[in-house]
Amino acid sequence: MTPTRRGQLFVFRRVFSGVFSLAFCLCLAAGTAHAGDPYLQWRTVRSPHFRVHFSVGLEAIAQQVAVVAEDAQLRLTQRLKWTPSSPTHILIIDPSDAANGSATSVPYAQVKLRVTAPDDMSTIGDYENWIGLLVTHEQAHVLHTDNMSGVPAIVNAVLGRTYAPNMAQPRFVLEGFAVALESQLSSAGRIRSSLFDMYLRADVLEDRLAPLDQLSHLPRRWPGGNLAYLYGGRFFNFISETYGPQSLAVIAHDYGNNIIPWGINRSLRRATGRSYPQLFEAWKRKLRRQYRAQRKRILNRGLRAGTRLTFHGGEAGSPRFAPAEVRRGSSLELWYWRADLDQPAGIYRLPLGPAAAKNSGELIVRTNGNSSFSFEPDGSAVFDSVMPSRRRYQFSDLLRQPFGTSSPQGLSSSIERLTHGHRARDPDVSPDGRQIAYVTNHQGTSTLRIAQLGAGGNMHSERRLVPTPRFEQTFTPRFSPDGHSLVYGAWLRGGWRAIRRVDLRSGTLTELYRGRGMHLQPSWSPDGKYVVFSSDRSGVGNIYAIEVATSELHQVTNVVSGAYSPELSPDGRQLIYVGYTSFGFDLFAMAFEPSRFLAPESPQVRPQPRALLPHAAYPVTPYSAFETLRPRSYSIEYGPGNFGQTATFRTNGSDIAGLHNFHVTVATAEDIATPAASVSYSYRRLPFDYQATLYRSFVPRSGAGFAPNESFNESLIGVTNALSYAWPAPYVSQRVSLGYSVTRYESDIPLGSEVDPFLLPAGRFEGLLGSLRLRYGFDFHQGSVQAISPERHLSVSVAGDFASEATGSDRSLASLSGAFATHWVMPWLPHHVVALAGAGGTAAGSYPGRGYYSVGGFVDMDWVEAYDTGIRQRTFVLRGYEPGAFAGRNFVVYKAEYRFPIATIDRGVDTLPLFLRGFNGTFFADYGGAWTTRDPDDFLAPYHGSVGAELAVDLVFGYFSPIQAQAGYAYGLDGDAIAGGQTYVVLGSKF
């Protein structure tokens with residue numbers, strides 16, 4: 001039927017009323033937070049080969065990025081023998097205090113950079129110019145993956161940039177290329193980093209070298225994601241040194257010509273005559289010779305190393321001796337920050353003394369990011385942690401944990417927040433408790449600051465302590481014992497590092513030490529005689545001491561691995577430092593004996609940093625989203641669907657700043673004459689996210705209220721609008737969304753159907769459904785690298801739908817649904833978890849096509865199709881019963897599971913694209929059902945139960961795609977269950 005013009009106007013008025021009400025409600029709820037920061041104004045720097053997009057305030061960095069990018073492009077194209085066919089778009093953002101970047105060449109060459117410089121112990125902290133290091137690394141990715149020729153180039157010419165062969169390679173290849181080039185084209189980088197050298201040296205000398213299969217994927221071993229950078233960079237540097245700098249270009253050209261992925265050894269053989277396993281063995285032999293010789297030289301000088309206090313590995317830092325009033329006994333007590341592979345990251349307390357070796361430490365306060373802290377005189381701890389700002393950025397701020405309180409989950413009301421969006425870190429409280437020194441980060445420059453500290457942690461009268469030139473960095477200030485001066489670490493232009501002292505009374509600045517490399521984390525001896533710090537001047541990180549009166553330098557430790565973050569005991573007799581093994585960082589202790597100090601070795605000679613040629617500023621223009629928003633690639637799929645063989649066309653686009661995003665899908669099926677289509681658009685420059693979708697679809701229906709025993713097809717034409725808003729909070733996420741949709745529905749009921757005459761006249765079901773949807777979700781999550789499941793977790797979600805004449809609807813609909821899930825780690829064995837979940841819903845109204853829920857077991861789904869489409873089984877199923885076995889206007893499902901690890905494998909075969917992570921087991925019980933009416937005399941009649949067990953296999957396919965396959969057996973507990981129980985194999989359905 002075609003509605004009359006009068007009817008169309010009436011519908012329009014009702015729809016407009018619904019949309020207006022929706023927008024008005026969301027504007028009232030939105031407040032001042034936002035998704036895309038509407039306060040930012042975007043601009044573009046245009047250079048010959050780059051378009052650098054930035055927000056107002058970051059132009060100086062954008063100009064520097066353009067200059068170093070042009071310089072890197074020139075040298076990279078000479079090295080890789082490849083030039084991108086179009087300019088690279090670089091987006092500069094400043095959303096956090098963590099340095100990072102990313103790059104891709106699909107669907108166009110783009111790089112995203114954060115403007116924050118690396119911190120002092122960052123794995124990318126060895127640089128001559130941190131902007132140059134990041135740009136060179138990411139642009140190396142672009143030139144490497146942009147290398148497409150032969151059949152791949154023909155495919156991309158037809159469909160747009162959809163396939164980049166060089167992106168379909170193991171992680172160590174992708175990152176290895178970029179890390180090798182970042183160092184070959186500078187005087188620093190990760191190839192020269194003593195920190196990275198220490199990681200690899202420990203693996204070699206402790207016989208824990210990672211095999212090729214682990215480098216190709218992401219194993220659950222230290223150093224985690226850095227493994228590909230660490231091994232890949234040095235391995236490809238070895239290939240480049242052995243077979244010449246041109247070898248990297250030959251490998252990239254050859255693999256970029258392959259339409260069939262994963263044949264990486266063929267390309268390497270053509271360039272070198274050897275496969276990856278063969279060259280990897282040769283490289284390992286070289287490493288063993290190199291590091292054994294280095295260990296011998298160190299031992300010949302006399303080992304000066306401490307006793308290991310902790311055995312957790314992972315990350316550790318900022319050790320501090322607790323004041324006497326904080327200790328729980330007479331023994332000394334250490335507090336320190338740690339983030340190992342098993343426990344939550346945060347500040348831990350560790351009593352020293354006879355029981356120290358058996359004590360794993362107690363979590364005092366959970367923190368976000370790499371935190372440091374200091375004690376106030378009353379025993380309260382001031383620490384830094386990543387927190388959401390009022391404008392929803394993830395910045396480091398200062399917080400206070402009052403004496404005698406703790407917050408192991410990070411959610412305790414006892415925590416006092418001292419700053420909001422201040423980007424402050426590395427706090428140190430003066431001995432008298434009246435001042436606090438810290439570092440603030442702003443637009444790529446970090447500055448040393450000091451403020452007055454009042455009662456209850458009130459900070460005021462902040463001032464900059466020393467001038468900091470643009471793009472230079474300061475780290476880890478520490479007050480002297482008398483409170484009259486500060487020492488701190490600094491990164492200076494050209495890749496220099498310095499340990500500096502500033503007199504707080506006169507403002508006099510004294511440079512205690514300066515050199516290339518990593519010189520960091522200074523602290524004082526209790527008597528003020530020495531400043532101790534970590535330096536890699538010999539190529540190995542060790543603790544050194546400077547006599548303040550004479551400026552004489554002494555070497556305190558002489559270790560094989562590395563020593564960092566020195567801290568002296570209150571009596572000055574014991575040195576605590578952060579040492580290293582192949583499992584990560586731990587605390588070590590040794591006697592601090594000036595009589596056993598060593599004379600420092602001569603510092604290693606490094607190449608001089610390259611000076612960039614001066615360049616006039618490039619032109620700046622207003623940002624245009626359309627420059628990158630347009631569709632650039634297309635995909636066409638053909639296969640089985642709900643209505644026979646189906647051809648599906650897809651395209652999408654997003655501007656590089658992420659303000660606009662669209663998706664288009666068109667599908668034609670052999671059993672449906674009219675194509676199905678959808679066009680969705682999202683906008684992220686409001687105080688909330690906005691998304692709209694226009695669609696036409698065809699849906700197979702069955703079990704509807706007006707024809708419970710018939711199957712038929714329903715045609716839908718409609719539009720949806722949705723607004724969503726997320727609350728910024730640490731460790732917890734909350735989101736609310738409100739949507740409005742209007743849909744024209746039509747269905748032809750087959751002749752002979754047993755149609756309920758009270759619900760629908762025979763023959764046709766059609767009309768207009770205008771509905772509102774409100775959703776709310778809450779989630780708290782805590783896990784670990786070694787966990788097989790969330791271990792401390794709670795999530796709750798609620799959704800309601802409402803349709804009536806007031807929302808522009810011909811029929812009414814009211815539904816309410818919700819779900820919860822919680823996980824609890826068990827104390828008796830590591831990573832054993834009890835998981836509980838439930839879901840339920842109820843619906844009412846005169847629209848029968850949408851008022852029904854169904855409950856049952858897993859549906860039959862082809863594995864290949866499930867993997868390819870990413871579609872997974874429903875979470876809330878009733879295992880042991882047929883799919884959709886029970887239906888009605890109400891449903892409830894409860895689930896209880898006991899999950900446990902069986903074996904961690906983390907192995908594959910060399911560079912093959914399949915990796916077995918491990919096996920996990922589950923015992924479960926399901927209980928629930930669906931109904932429309934209940935028998936008052938048998939209230940539990942709609943409910944059905946099952947018990948069973950599952951074996952889960954965790955895999956990684958194609959180097960980057962995780963898969964969890966679950967094989968299980970479920971036994972239903974009543975006569976409606978599958979006879980003899982149900983066996984099944986599905987992909988990923990865990991809650």
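User: What covers the buried residues of H10?
Analyst: This is a predicted model. In it, the cover over the buried residues of H10 includes helix H8 (226-243), helix H9 (246-255) and helix H11 (276-301).

User: Which residues of H10 are buried?
Analyst: H10 spans residues 264-272. Ile264, Asn265, Ser267, Leu268 and Thr272 are buried there. They cover an arc of only 160° around the axis, so they sit on the same side of H10.

User: What comes just after H10?
Analyst: Gly273, which takes a positive phi of about 80°.

User: Back to H9. At what angle do H9 and H10 pack?
Analyst: At about 140°, with their axes 9 Å apart. That angle makes H9 oblique to H10.

User: Is the crossing left-handed or right-handed?
Analyst: H9 passes H10 in a right-handed crossing.

User: Which residues meet there?
Analyst: From H9, Ser247, Val250, Ile251, Asp254 and Tyr255. They meet Ile264, Ser267, Leu268, Arg270 and Ala271 in H10.

User: New topic. How many residues does the largest nonpolar core have?
Analyst: It has 94 residues. Those with the most contacts inside it are Ile92, Tyr231, Phe235, Phe236, Tyr276 and Phe585. Helix H2 (residues 59-80) gives the largest share of this core, 10 residues. Another core, of 17 residues, lies apart from it, and Tyr530, Val532, Ala545 and Val559 are among its members.

User: What does Tyr231 touch?
Analyst: Leaving out residues up to four places away in sequence, Tyr231 touches Leu200, Asp203, Arg208, Leu209, Ala210, Leu215, Phe280 and Trp283.

Definitions and conventions
Residues numbered from 1 in each chain as written. Predicted model: local features only at pLDDT ≥ 70, side-chain atom pairs only at ≥ 80, totals over all residues. Heavy atoms only, no water. Core = buried A, V, L, I, M, F, W, Y, C linked by side-chain atoms within 4.5 Å. Buried < 20%, exposed > 50% of the residue type's maximum accessible area, 1.4 Å probe, protein only. Helix = DSSP H or I, 4+ residues; strand = E, 2+ residues; numbered from the N terminus. Contact = heavy atoms within 4.5 Å. Arc of directions from axis to C-beta. Axes fitted to C-alpha atoms, helices over the stretch in contact; angles between N-to-C directions. Parallel < 35°, antiparallel > 145°, perpendicular 65-115°, else oblique. Left-handed = near helix turned anticlockwise from the far one by under 90°.
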